Amino acid sequence: MFPLGSVLLPGEVLPLHVFEPRYRKLVVDCVESPDHSFGVTLIERGSEVGGGDQRATVGTLARLVQVAELGDGRFAVVAVGADRIRVHAWLPDDPYPLADVDVWPDAPGDDSGRVAGDEGLVSRVTQRARRSCALARELGDPVGDPSQEISGELLAASYQLVSLSPVGPSDRYALLCADGPVQRLRALESMLDDVEVLLRYRLEAGGNQAEPGEM
């Protein structure tokens, strides 16, 4: 397990600079394992360095796609978020954080990939996420590209739209924990109401107000 101060979502790319001895050992073990994977969870309290942190119980399985060993034993790593996981128990950190986990699939949508009873949900949230992302970019906040293409598959789209939206770690975590893609999109749509109000206020105030929580 690799606890971080940020939330990894399925489908997201995760670049890591690995320098702590325990996590260098984790990278070596993952490279040697058949699936090259490790779990990522949010640190709710504490620091990424040194241990003693309080960790969330829902996370994402990450698979290594690129590993470069640096001259002094450090690693530059690129991983991609895969399945959502749920932690049943944290085990002793020996030689690095370990946990008993299960894959936690999202509740399935209907076979057509549409949102029953609210066919406009994906389109509506896409417009809202792109608009909020564009406002955040205008303020100089570190966000994604509002013009990026959104998947036509409901589950993938739900995670893409969370990733695109300028919401903070606690909101991203709550959205990761949603029962399924429909619930995730509806919760995100509600969050974007407040996000857009704050972003517009910051623009009107000259961009000097507090950001909406993104690290």
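In this predicted model, helix H2 passes helix H3 in a left-handed crossing. The two helices, H2 spanning residues 121-138, pack at an angle of about 20 degrees, and their axes lie 9 Å apart; because angles under 35 degrees count as roughly parallel, H2 and H3 are therefore described as roughly parallel to each other. On the H2 side the contact is formed by Val122, Val125, Thr126, Ala129, Arg130 and Cys133, and on the H3 side by Leu154, Leu161 and Leu164. Sorted by class, the residues in the contact of H2 with H3 comprise seven nonpolar, one polar and one charged.

Helix H3 (residues 154-164) also packs against helix H5 (residues 181-204), at an angle of about 30 degrees and with the axes 9 Å apart, which means that H3 is roughly parallel to H5. The crossing of H3 with H5 is left-handed. From H3, the residues Leu154, Leu155, Ser158, Tyr159, Leu161 and Val162 take part, and these meet Pro181, Val182, Arg184, Leu185 and Leu188 of H5. In this contact of H3 with H5, nine residues are nonpolar, one is polar and one is charged. Leu154 and Leu161 of H3 are listed both in the contact with H2 and in the contact with H5.

The lining of the largest cavity consists of Ser6, Val7, Leu8, Val40, Thr41, Leu42, Val58, Gly59, Thr60, Tyr173 and Leu176. Two or more of these lining residues are contributed by each of strand S3 (37-45), strand S4 (54-69) and helix H4 (169-176). Seven nonpolar and four polar residues make up the lining of the largest cavity, which has no charged residues.

Most residues other than glycine have a negative phi, and most peptide bonds are trans.

Terms used: Residues numbered from 1 in each chain as written. Predicted model: local features only at pLDDT ≥ 70, side-chain atom pairs only at ≥ 80, totals over all residues. Heavy atoms only, no water. 1 Å grid on protein atoms, 1.4 Å probe; cavity = no way out; pocket = protein on both sides within 12 Å on 5 of 7 lines; lining within 4 Å. Helix = DSSP H or I, 4+ residues; strand = E, 2+ residues; numbered from the N terminus. Nonpolar A, V, L, I, M, F, W, Y, C, P; charged D, E, K, R; others polar. Axes fitted to C-alpha atoms, helices over the stretch in contact; angles between N-to-C directions. Parallel < 35°, antiparallel > 145°, perpendicular 65-115°, else oblique. Left-handed = near helix turned anticlockwise from the far one by under 90°. Contact = heavy atoms within 4.5 Å.
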